[in-house]
Amino acid sequence: MDDDDIFLVRFWGVRGSISVSGPEFSRYGGNTICIEMRCGKHTLLFDAGSGLRPAGGALRASGVSDFDLFFTHCHYDHIIGLPAFKPIYDRNVKVRLWSGHLAGRMTTRQMVDEFMRPPWFPVNLDICKARIDCRDFVSGDVLRPREGVVVRTGSLNHPGGCIGYRVEWGGHVVAVITDTEHEPGKLDQAVLGLIEDADLVIYDCAYTEEEMEHRRGTGHSTWQQGVKLCEAAGARGLALFHHDPTRTDEELDVIEKLAKDKFAGAFAARDGQTLKFPVPLHKRR
Ligand SMILES: [Zn+2]
Ligand SMILES: [Zn+2]
């Protein structure tokens, strides 16, 4: 198979809130949120957590110099890797940065300028040699970043706002639903719309339903809710994601098994994990 035949998803950072390290986290990994999708020749990245740093190394190694990076929102665990992302310092790179969670309050350019500047960082964005093109959108917009790639957007329930994404290409659908909090006993209609009939739903499973009792208002969800949503929406795969920083490998093994028993397509995502969805012949372009 060559690039045109695969919708590839690679997890570069699956940890929520803050990065962790240590032997108890070695199998699932400790980097914060970053997902790569390859829609044939087109590379899309979602969020710029600490996982963006190794993603940058891999992009350079494979010669990718033109891509899109979408922010779900700008809490630290979703942005902290941007200053350490080597491609933005490379004059041969073209990158489009997209965000919509601050629509009407701040542009994508202003958001990045806010955190990449002294005194929080030694230099500001002007030092980046890459051609950085900042794009703004409003939740609900349908984006077409590259030929044949459709990215639908919707609002998630998270303090300060957050965007969920539904990526469609080559007859496949992959949805990124992080960070979001569910209302007990309810299925979020906006989320259902984004994940309908998806091959894979990457879902905020920071907590369990038992833990959620004293986590209300923090803006996160559970694997049990992820299963309910996927069942209702006819989705086939569920990646448990945004793991709580205290969650050890052994604990994640247990959670993964419980989730799999309820929903066969469920698994706990790991740093470096890759999934490939072959594109049927008639959908290739
Ligand atoms: Zn987060
Ligand atoms: Zn957040």
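D179 bridges the zinc ion (ligand 1) and the zinc ion (ligand 2), which lie 3.5 Å apart. The model is predicted: local features need pLDDT of at least 70, side-chain atom pairs count only at pLDDT 80 or more, and totals for chains, interfaces and linings use all residues. Residues are numbered from 1 along each chain as its sequence is written, ligands are numbered from 1 in the order in which they are written, and side-chain values use heavy atoms, without hydrogens and water.

**Zinc site**
- D77 (OD), H78 (NE2), D179 (OD) and H242 (NE2) coordinate the zinc ion (ligand 1) at 2.1 to 2.2 Å; donors are N, O and S atoms within 2.8 Å of the metal (3.2 Å for Na, K and Ca), and sites may look incomplete because water is not among the atoms.
- Along the chain, the donors follow the spacing D-H-x100-D-x62-H.
- D179 counts as buried at 1% relative accessibility, and H242 is buried at 0%; buried means under 20% relative accessible area, exposed over 50% (1.4 Å probe, protein chains only).

**Helix α1**
- In α1 (residues 52-61), L52, A55, G56 and L59 are buried.
- Seen down the axis of α1, these buried residues fall within an arc of 105°, so they line one face of the helix; the arc is that of the directions from the helix axis to the C-beta atoms.
- R53 and A61 are exposed on the other side of α1.

Conventions: Helices (H or I, at least four residues) and strands (E, at least two) are DSSP runs, numbered from the N terminus.
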